[in-house]
Amino acid sequence: MFELNANLDTPLYMQIVDQTKLAIAKGYFRNGDRFPSVRELSRELLVNQATVSKAFKELDRQGIIETQAGIGTFISFDDAKFLDRIDDLNKKLTNDFIEAKYLGITLDDVIKLYERVGKDL
């Protein structure tokens, strides 16, 4: 499920974060599903546990996972954190739409792009 590439500019821990989000978007994980432990994921990906731990901290900060001591780590959407992230996304999209309009990209072009990307998920 995860494919890390040390040759990318994106740090390994962020690749784990991004690929976790992609796995959720594709339906591989749902709210409440068990997520691998730091040790399990580190062993699976052949990556240092500190790298995976850093990814877990970021996933927790973004409200995507929750670790319960002695029980495990689970996908756990934090609605409050999601609302903040949705607000940030709206601001980014607004700026991107302004740039698109400036460059002459039409709404139809944007919709086609959205649909094309959605098919890949």
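Predicted model: local features only at pLDDT ≥ 70, side-chain atom pairs only at ≥ 80, totals over all residues.
1. Phe2, Phe29, Phe35 and Phe56 make up one aromatic cluster.

2. Four aromatic pairs are present in the structure. One of them joins Phe2 and Phe35: the ring centres are 6.5 Å apart and the planes stand at 85°, so this pair is edge-to-face. The angle cut-off for that class is over 60 degrees.

3. As to position in the chain, Phe2 belongs to the segment before α1 (12-25), while Phe35 sits in strand β1 (residues 34-35). The two parts tied together by this pair are therefore 33 residues apart in sequence. Phe2 and Phe35 are both buried.

4. Phe35 also pairs with Phe56. Here the centres lie 5.6 Å apart with the planes at 55°, so the pair counts as tilted.

5. Phe56 is located in helix α3 (residues 49-61) and Phe35 in strand β1, so their pair links parts 21 residues apart in sequence. Phe56 is buried, as is Phe35.

6. Leu46 is found in the loop between α2 (38-45) and α3. With a relative accessible area of 79%, Leu46 is exposed, whereas Phe35 and Phe56 are buried.

Definitions and conventions
Residues numbered from 1 in each chain as written. Heavy atoms only, no water. Phe/Tyr/Trp six-rings, centres within 6.5 Å; stacked < 30°, edge-to-face > 60°. Helix = DSSP H or I, 4+ residues; strand = E, 2+ residues; numbered from the N terminus. Buried < 20%, exposed > 50% of the residue type's maximum accessible area, 1.4 Å probe, protein only.
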